[in-house]
Amino acid sequence: MEIVNAVGRRKGAIARAYARSGKGNVTINGKELKDYFGQPHISNNVLAPFKAIEADNVYDWNINVVGGGFKGQSEAIRMAISRVLVKINEDFRKPLKERKYLTRDARIVERKKYGKPKARKSFQFSKR
C-alpha cells in the first residue's frame, strides 16, 4: 500500500496525517502519541476513529500538526485520521460520519476590536 494522506483542521490547529500499512504506531511531530499528548482524555480523542470502525494495528501513522492548543490539535488529528480512513475504505464513512468525525467545526476565536480590552468586553460605563 502506498502512503495515503489527508488534512484536518480545528480552531487554530492544522494536522496532516499520513498512513501506510504497518503495526499501528502513531507518531506525532516525531514523538510517540503518549509522549506528545500526556493526558489520557486527549490521546483517546486521537484514537477515537479507530474505536469507531473497530480496526486497530493495521496502519502506521505519521502526523504533523501545527498551531492551536492540545484540544484543538487532538481534534484536528482526529479529523485527519478519519478522512484518511474514508479514502482507504469507503465503508468506514457511515460510522465516522455518525460520530461527526468528518464534520469541520469552524468555530474560531473572535478577533479583538480596537477600543476594547477583548473581543466584546467593554470598560465599566460611568454615567456621572
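A residue is called buried if its relative accessible area is under 20%, exposed if over 50%, and partly exposed in between, as found with a 1.4 Å probe on protein chains only. Helices (H or I, at least four residues) and strands (E, at least two) are DSSP runs, numbered from the N terminus. This is a predicted model, in which local features need pLDDT of at least 70 and side-chain atom pairs count only at pLDDT 80 or more, while totals for chains, interfaces and linings use all residues. Residues are numbered from 1 along each chain as its sequence is written, and side-chain values use heavy atoms, with hydrogens and water left out.

The expected span of a helix is 1.5 Å times one less than its number of residues. For the 19 residues of H3 this gives 27 Å, and the C-alpha atoms at its ends are 27 Å apart, so the two values agree. As background, an α-helix has 3.6 residues a turn, so residues three or four places apart point the same way.

Glu 75 is a residue of helix H3. Glu 75 has a relative accessibility of 14% and therefore counts as buried. Contact here means heavy atoms within 4.5 Å. When residues up to four places away in sequence are not counted, Glu 75 touches Arg 10 and Asn 45.

Ala 15 belongs to strand S2 (residues 13–21). Its relative accessible area is 0%, so Ala 15 is buried. Again without residues up to four places away in sequence, the contacts of Ala 15 are Ala 6, Val 7, Gly 8, Asn 64, Val 65, Ala 76, Ile 77 and Ala 80. Ala 15 and Ile 28 are 13 residues apart along the chain, and their C-alpha atoms are separated by 9.5 Å.

## Aromatic pairs

A pair of aromatic rings is described by the distance of the centres and the angle of the planes. Rings of Phe, Tyr and Trp (its six-membered ring) pair if their centres lie within 6.5 Å; planes under 30 degrees apart count as stacked, over 60 as edge-to-face and the rest as tilted. By this rule there are four aromatic pairs. In one of them, the rings of Tyr 36 and Phe 37 have centres 4.9 Å apart and planes at 85 degrees, so the pair is edge-to-face. Tyr 36 is buried, with a relative accessible area of 17%, and Phe 37 is buried at 2%.

Another pair joins Phe 50 and Trp 61, whose ring centres are 5.6 Å apart and whose planes stand at 55 degrees, so this pair is tilted. Phe 50 lies in helix H2 (residues 40–53) and Trp 61 in strand S5 (residues 59–66), so the pair ties together parts that are 11 residues apart in sequence. Both Phe 50 and Trp 61 are buried. Ring pairs also link Tyr 36, Phe 37 and Phe 70 into a cluster.

## Pockets

On a 1 Å grid over the protein atoms alone, a pocket is an open set of points where a 1.4 Å probe fits, with protein on both sides within 12 Å along at least five of seven lines; lining residues have an atom within 4 Å of a point. Grid points are joined across faces, edges and corners, and a volume is the space filled by probe spheres set on the points. Ala, Val, Leu, Ile, Met, Phe, Trp, Tyr, Cys and Pro count as nonpolar, Asp, Glu, Lys and Arg as charged, and the others, Gly among them, as polar.

| Pocket | Volume | Lining residues by class |
|---|---|---|
| Largest pocket | about 200 Å³ | 10 nonpolar, two polar, two charged |
| Second largest pocket | about 160 Å³ | three nonpolar, three polar, two charged |

Of the 14 residues that line the largest pocket, Phe 50, Ala 55, Asp 56, Asn 57 and Trp 61 are the closest to its centre. H2 and S5 are the elements that give two or more residues to this lining, and H2 gives the most, with four.

The lining of the second largest pocket consists of Gly 24, Val 26, Glu 32, Leu 33, Lys 34, Ser 43, Leu 47 and Asn 57.

## Positive phi in two loops

Most residues other than glycine have a negative phi, and most peptide bonds are trans. Lys 11, however, has a positive phi near 55 degrees. Lys 11 lies in the loop between strand S1 (4–10) and S2, and it is partly exposed at 44% relative accessible area. Asn 29 also has a positive phi, of about 50 degrees, although it is not a glycine. Asn 29 is found in the loop between strand S3 (26–28) and strand S4 (31–32), and its relative accessibility of 33% makes it partly exposed.
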